[in-house]
Amino acid sequence: MLITLLLGCALFLIVLFFPVDLFRKRAVRSGPDSQVDERDVMFARMSRVEGTPEYDEYYERRPELKKEDDRIRAMIPLYLPGSRYYHPEITGEAERYFESIYDIEPDPAIIKEWQERFQETVDHSGLVREMVRALGAVAVGFAPLPHEYIYTHKGRFAEDYGHEIRLDHPTAIVFLIEMDFGQMQRAPHAEAIRESARQYYRAAVIARTVEATLKAAGYGAKAHYDAHYDVILPPLAIEAGLGEIGRNNILIADRFGSRVRIGAVTTDLRLKHDGHIRLGADEFCSICRKCAENCPSRALSAGEKEWVRGVEKWTTDTEKCYSYWRQVGSDCGICMAVCPFSHRNNWLHNLVRMMIPLNPWLRRIALIFDDLIYGRKWRPGRAIPKLIQSFAGHQASVHPEWPDEYRAGSVSG
């Protein structure tokens with residue numbers, strides 16, 4: 001009887017954890033069939049000022065966007081009083097982080113240290129990984145740079161508006177910065193945009209430092225960071241083996257989910273490219289839908305994928321999304337925080353993440369337990385069950401130490 005029971009349990013576990021999906025042939029990934037003009041990106045459109053040559057030129061070409069863009073522009077801008085979650089200290093700190101990005105000057109001592117190490121090694125791939133991680137990234141990968149992932153024209157700032165982008169670097173160094181779990185639990189309150197600003201700033205420091213180091217070592221390099229992108233980062237992160245795109249149209253990274261910001265440096269330094277990783281995000285997002293259901297603006301698709309520029313993906317209504325930002329005075333972040341992949345990086349959640357790609361019934365079980373433990377509906381500042389905290393080791397995020405001038409918070413005064 002005991003042997004029969006043990007055999008039955010063993011058979012049950014084998015069936016439960018059988019990696020059926022790992023034996024299925026995955027569909028060949030298709031890349032986009034065209035490039036994107038940065039002038040068409042929402043942030044670039046919101047940078048246009050009525051009465052300027054750039055405004056007139058853009059809406060002469062894209063008249064169908066003018067009415068909606070003017071409506072959104074008339075709303076209370078980010079960082080100003082009047083929005084729902086405006087907080088003078090927290091919102092002001094976020095604004096200072098974003099403004100300080102323009103003044104970043106990489107530390108010459110750090111550049112010299114890594115430049116000397118470049119001269120001493122032939123394993124450039126290993127050294128670049130070590131450097132980027134030492135500067136504060138939680139993950140780094142290398143990818144080829146397809147033409148379709150490069151913007152056609154500059155669009156964010158008036159001074160280079162409409163300039164054709166010419167970028168012939170063969171490789172992109174792509175890295176991730178973790179966003180603090182506790183801060184993102186406050187989404188869509190002001191703490192969310194402060195955390196975004198803090199990590200955009202950190203990503204900019206890393207990108208600028210890596211760029212300066214590679215140039216000092218004799219290589220061509222171009223940093224890509226907040227408001228200074230010549231490339232589209234999420235698909236490059238996928239190519240660099242850092243994650244998959246979720247229903248929220250944001251990168252879902254291994255161990256961190258959507259709680260990341262992306263930075264990159266393109267270069268002519270020859271590096272060994274990384275391959276794709278499989279997290280099972282595509283299959284899980286198909287049944288989960290938490291981000292779409294909890295999106296306050298209903299900007300995320302709760303339905304099936306659609307074909308966009310030759311890529312099958314879930315769509316986002318960017319006008320609805322950004323309008324909500326202006327209403328609440330933050331960059332929301334609910335779709336990042338509510339994602340089950342975005343739980344803390346600890347052994348329990350990582351074990352669940354390892355199970356998700358195996359088979360469909362494990363994904364269903366994981367979603368059921370996620371709903372039971374964390375809830376189906378998003379609540380800002382939701383309490384994590386104490387049993388889970390003690391069992392899984394819910395601790396504050398720890399970031400590598402930075403030189404004094406680059407500490408997160410150094411621009412808050």
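1. Ala221 has Thr267 of S6 as its bridge partner. Strand S6 covers residues 260-267. S3 and S6 run antiparallel and share four bridges. This is a predicted model, so read every value below as computed from predicted coordinates.

2. Sheet order. The sheet is open and has four strands. Their order is S1-S2-S6-S3, and the pairing is antiparallel. Strand S1 (139-144) and strand S3 (221-224) are the edge strands. Each has a single partner strand, so one side of each lacks a neighbour in the sheet. From one strand to the next, the twist averages 20 degrees.

3. Helices on the sheet. Which strands does helix H7 lie across? Helix H7 (residues 124-134) lies across S1 and strand S2 (171-178). The helix runs at about 135 degrees to S1. Helix H9 (residues 190-216) also packs on the sheet, where S2, S3 and S6 are touched. The direction of H9 makes about 145 degrees with that of S2.

4. H5 against H9. Helix H5 (residues 88-100) packs with H9 at an angle of about 20 degrees. The two axes are 8 Å apart. Angles under 35 degrees count as roughly parallel, and H5 and H9 are therefore roughly parallel to each other. Their crossing is left-handed.

5. Residues in the H5–H9 contact. H5 contributes Ile90, Thr91, Glu93, Ala94, Tyr97, Phe98 and Ser100. From H9 come Ala190, Glu191, Ile193, Arg194, Ser196, Ala197, Arg198, Tyr200 and Tyr201. By class, the contact holds nine nonpolar, three polar and four charged residues.

6. H6 against H7. How do these two helices cross, and at roughly what angle? The axes of helix H6 (residues 108-120) and H7 come within 10 Å and cross at roughly 165 degrees. Angles over 145 degrees count as roughly antiparallel, and H6 and H7 are therefore roughly antiparallel to each other. The crossing of H6 past H7 is right-handed.

7. Residues in the H6–H7 contact. On the H6 side are Trp114, Arg117 and Phe118. They meet His124, Leu127, Val128, Glu130, Met131 and Ala134 of H7. The class count is six nonpolar, one polar and two charged residues.

8. Backbone points to check by eye. Which peptide bond is cis? The bond joining Ala187 and Pro188 is cis, with omega about 10 degrees. Pro188 sits in the loop between helix H8 (181-184) and H9. Arg289 lies in the loop between helix H11 (281-288) and helix H12 (290-294).

9. Confidence. Average pLDDT for the chain is 90. At least 70 is reached by 87% of the residues.

Note on methods. Residues are numbered from 1 along each chain as its sequence is written. This is a predicted model: local features need pLDDT of at least 70, side-chain atom pairs count only at pLDDT 80 or more; totals for chains, interfaces and linings use all residues. Side-chain values use heavy atoms; hydrogens and water are left out. Two strands pair if DSSP finds at least two bridges between them. Axes are lines fitted to C-alpha atoms, for helices over the stretch in contact, and angles run from 0 to 180 degrees between N-to-C directions. Contact means heavy atoms within 4.5 Å. pLDDT is the predictor's confidence in each residue, from 0 to 100. Angles under 35 degrees count as roughly parallel, over 145 as roughly antiparallel, 65 to 115 as roughly perpendicular and the rest as oblique. A crossing is left-handed if the near helix is turned anticlockwise from the far one by less than a right angle, and right-handed if clockwise. Ala, Val, Leu, Ile, Met, Phe, Trp, Tyr, Cys and Pro count as nonpolar, Asp, Glu, Lys and Arg as charged, and the others, Gly among them, as polar.
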